[in-house]
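I opened my notebook to work through a protein chain from end to end. Here is what I looked up.

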Amino acid sequence: MSGHGEGHSHAHGSTNRARLGIAIGIVSLVLLVEIGGAVVSGSLALLADAGHMFSDLFGLIIALVASVIALRPASDRHTFGFQRAEVLAALLNGLILVIVGVFVAVEGVSRLLAPETDHVQGGIMLVIASIGLVANVCALLVLRGGDTASFNMRGAYLEVLGDTIGSIAVIVAAIVILVTGFVQADAIASLAIAVMIVPRAVMLLRDVVAVLIQSTPKETDVQKIREHILGTDGVTDVHDVHVWAITSGEPVFSAHVVVDSQIFADGTTGLLLDRLSECLSQHFDVGHSTFQLEPAEHAGHEHEQHR
C-alpha cells in the first residue's frame, strides 16, 4: 500500500522563467560589448570575462529550456516526469564552467610568461568592464530570490555573480595599467577570474552528483523521520527507508511500515496512510511519499536486504 502527498509546487516556475529571460537579454548585450572591447583593447582579462559570460549565456539558455521541459507531465514511461532535466542542465553548466576556467588559467599563465606581447589599452578596458559591472548587477537583482528555488536558478545566479566579481577584477586591472603601466595586471586579473570560476563549478557539480547518485538530501534528517513515523499510533516498526531527490527541492520518500494487526482488522489503513503522508509533508516538506504497510508476521520473513 502506498500514500502519496501531492506537494509538488510550481508557484515559482513562471517567475523563474521570466527572470531567466531578462537575464539572457542582459548577458547577451554585455557579451557582444565585451568581445568587441577585448579585441580593441587587447585585454586577456576582458576576453576571459567575455568567455565566462558566454558560458553563462549558454547556461542560462539551457536552464530556461530545461525549466520548460520540466513542466511536461509524467507518463507511463517517465513516471516522475521530466524534473530531472534541470539537474542534467546544471551538470552541463558545471562542466562548461570548468572548461572555461582551465582555458583562462592557461592563457593567463602564458601572458605572464610573455608580457612583452601584451599591448593592453587600459582606458577601453575600464569603460567596457564598468558597463559589464552595471549590467551584471542588474542581472543579479533580476535573478535574486530564485537562486534557492532550483539547481538551474542557483547555477544561473552563481554564474552571473562570478561575472560581477570578474568585472570588478578587470576594472581594478585597468586602473593599475592606467596608473602604473603594469600590463601584467591584465593577466593576473584573468587568473583571478579563473580561480573564481573553478571552485563554484566544482561545488555545483558536487551537488548535482549527489542527486544523480540518489544521496539523501543534506537538509533531510532520516533519523528524525524515523522517530516521527514510530511515534504515529499503530506503528510498531519502520524499515527499508529511502530518501532521495528528483531535483532540488523535490525530496522523495519510501519505507516499509510495520503496524499493529488491529489496524488491518479495523480497516483503518487509509487513515494511517493519511497521517503518515501529512506528517512528512508538514514536518519535512516531502511532497511524494510511499509507504508499504505490513503486519509483524510479514516483516519477520522479508528478505534481509529489505530490513
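My entries follow, topic by topic.

**Ground rules.** I am working with a predicted model, where local features need pLDDT of at least 70, side-chain atom pairs count only at pLDDT 80 or more, and totals for chains, interfaces and linings use all residues. Residues are numbered from 1 along each chain as its sequence is written, and side-chain values use heavy atoms, with hydrogens and water left out.

**The whole chain.** I looked up the elements and found 10 helices and three strands. Helices (H or I, at least four residues) and strands (E, at least two) are DSSP runs, numbered from the N terminus. Read from the N terminus, the order is α-α-α-α-α-α-α-β-β-α-α-β-α. Next I checked burial: 47% of the 307 residues are buried. Buried means under 20% relative accessible area, exposed over 50%, and partly exposed in between, with a 1.4 Å probe and protein chains only. Then contacts, meaning heavy atoms within 4.5 Å. Of those between residues at least 6 apart in sequence, 74% join residues at least 24 apart.

**I69.** This residue sits in helix α2 (residues 44-69). Its relative accessible area is 33%, so I noted I69 as partly exposed. What does I69 touch, leaving out residues up to four places away in sequence? I found F82 and A85.

**Aromatic rings.** I searched the whole structure and got one aromatic pair. The rings are F253 and F291, with centres 5.6 Å apart and planes at 50°, so I wrote down "tilted". The rule: rings of Phe, Tyr and Trp (its six-membered ring) pair if their centres lie within 6.5 Å; planes under 30 degrees apart count as stacked, over 60 as edge-to-face and the rest as tilted. F253 belongs to strand β2 (residues 251-259) and F291 to strand β3 (residues 288-294), so the pair links distant parts of the chain, 38 residues apart. Are F253 and F291 buried or exposed? Both F253 and F291 are buried.

**α3 and α6.** The axes of helix α3 (residues 85-113) and helix α6 (residues 184-212) come within 7 Å and cross at roughly 155°. Axes are lines fitted to C-alpha atoms, for helices over the stretch in contact, and angles run from 0 to 180 degrees between N-to-C directions.

**α7 and α9.** Helix α7 (residues 222-230) and helix α9 (residues 269-284) pack at about 140°, with axes 10 Å apart. On the α7 side I listed K224, I225, H228 and I229, which meet L276, C279, L280, H283 and F284 in α9.

**Positive phi.** Most residues other than glycine have a negative phi. I looked for exceptions and noted Q214, which is not a glycine but has a positive phi of about 60°. Q214 lies in the loop between α6 and α7, and is partly exposed at a relative accessible area of 46%. D240 is not a glycine either, and has a positive phi of about 50°. D240 lies in strand β1 (residues 235-245), and with 14% relative accessibility D240 counts as buried.
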